[in-house]
Amino acid sequence: MKKQLNSVFTITHKDRRTKARIGVLHTKKGSVETPFFMPVSTKGAAKFINSKKIEELGAVATISNAFILSLRPGTKLINKLGGLGKFMNFSGVNFTDSGGFQMYSKSIYLSSNEKGVNFRNPISGEKIFMTPEKDMEIQLEIGSDVAMCLDRMPLYEDSKKEIENSVELTTIWAKRCKKHHDMLQSRIPHGRRQLLFGITQGGIHSDLRKQSIKQLLDLDFDGYSIGGFGMGETFKEEMKIVKAQKLLFPENKPIYLMGIGTPSEILEAISYGVDIFDSRLPTMNARHGELFTSIGKMKILNKKYENDKSPIDKNCNCFVCKNYSKAYVRFLLKEEESVGKELASYHNLYYLQNLIKEAKEHIKKGKFIEFKNKIKRVYK
Ligand SMILES: [Zn+2]
């Protein structure tokens, strides 16, 4: 594929009946095809899955948390060792989140205002004041390929007034992030720059979401993230907003729906034109025995699988399904053995990678709706 250095995103296929599309995201590390799902590597590794396994299961990108990495081992060390991609030896694209997501944690998040955010260092207990400018410096020093703006993420239970305030702060910080990021990268040739995505907020309120997008579009980010989901809202609430929001973004910008990772949600969002996903849930649920299969969700800790010699999913080609039985994976998970957690997590991530691969094939064949409906039927 021809590398287009001056364009961040190229659309290569469009579905005729939905807004689903296949594209290419061009980053300083290389170009990767969308849509894609990113395993979450908060501290530079996914839980029980190392970076080589992430590559092996077919993921082209992963997302880490710049704020957490800045606390330990620190940005200087990562920078000295060649940046995050080299440090964790991942050949795909490295995204970093800003730390906005940490605002869900009452033990880390203290307060925020126009100037920035007060966090408590979970390691030392010290107070940290994070400004949008500092956040950009951290992400650049870590050397990720795609950075996120510092955003003020509201909680699902917050009042509309509180969510409105978070939208305002998110916009103020986004302006400062963009200005500082542009300044820091002004001497770097276009194709070698770190990309910066703006994050939109607004909870499940259509008017606030619309306001958030309008304000961020003026800043012309490389891509846009839809933030604040996966926090307790229903599938219907979430998808109504995603569908309406997607229509407000320019066609030529990559769109990243943050924190979403069930098969039905991913395919529904792809049908609205979303390009990028991440979620901790596929691995977290796997560790608790909830597995994705071609016939729907399976609770492998169920007693009925105690003597089951068959693989987790006979239609899955992952190394777990080729080599191990349900009974074995179930036993290891019950014993809380780390290998059990690894096998279950690997299978779930592989399932999602394969799901998106198949979704792309169906987009190309003009059969995406049929594929989406088939999967939605088994994941009711
Ligand atoms: Zn499998």
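Mentor: Two strands count as paired if DSSP finds at least two bridges between them, and helices (H or I, at least four residues) and strands (E, at least two) are DSSP runs numbered from the N terminus. Residues are numbered from 1 along each chain as its sequence is written. This is a predicted model, in which local features need pLDDT of at least 70 and side-chain atom pairs count only at pLDDT 80 or more, while totals for chains, interfaces and linings use all residues.

Trainee: Which strands stand at the edges of the open sheet of 3 strands?

Mentor: The sheet has the order 1-2-3, with antiparallel pairing.

Trainee: Which residue in strand 2 stands opposite Lys14?

Mentor: Strand 1 runs antiparallel to strand 2 (residues 21–27), and 5 bridges join them. In strand 2, the residue opposite Lys14 is Arg21.

Trainee: How wide an arc do the buried residues of helix 12 cover around the axis?

Mentor: In helix 12 (residues 326–334), Lys326, Val329, Arg330 and Leu333 are buried, that is, 20 or more other C-beta atoms, placed from the backbone, lie within 10 Å of their own. Taking directions from the helix axis to the C-beta atoms, they fall on the same side of helix 12, because their arc is only 100 degrees.

Trainee: Against which helix do these buried residues pack?

Mentor: Two residues are in contact if their C-beta atoms, placed from the backbone, lie within 7 Å. The partner of the buried residues of helix 12 is helix 13 (338–365).

Methods
Buried ≥ 20, exposed ≤ 12 C-beta atoms within 10 Å, placed from the backbone.
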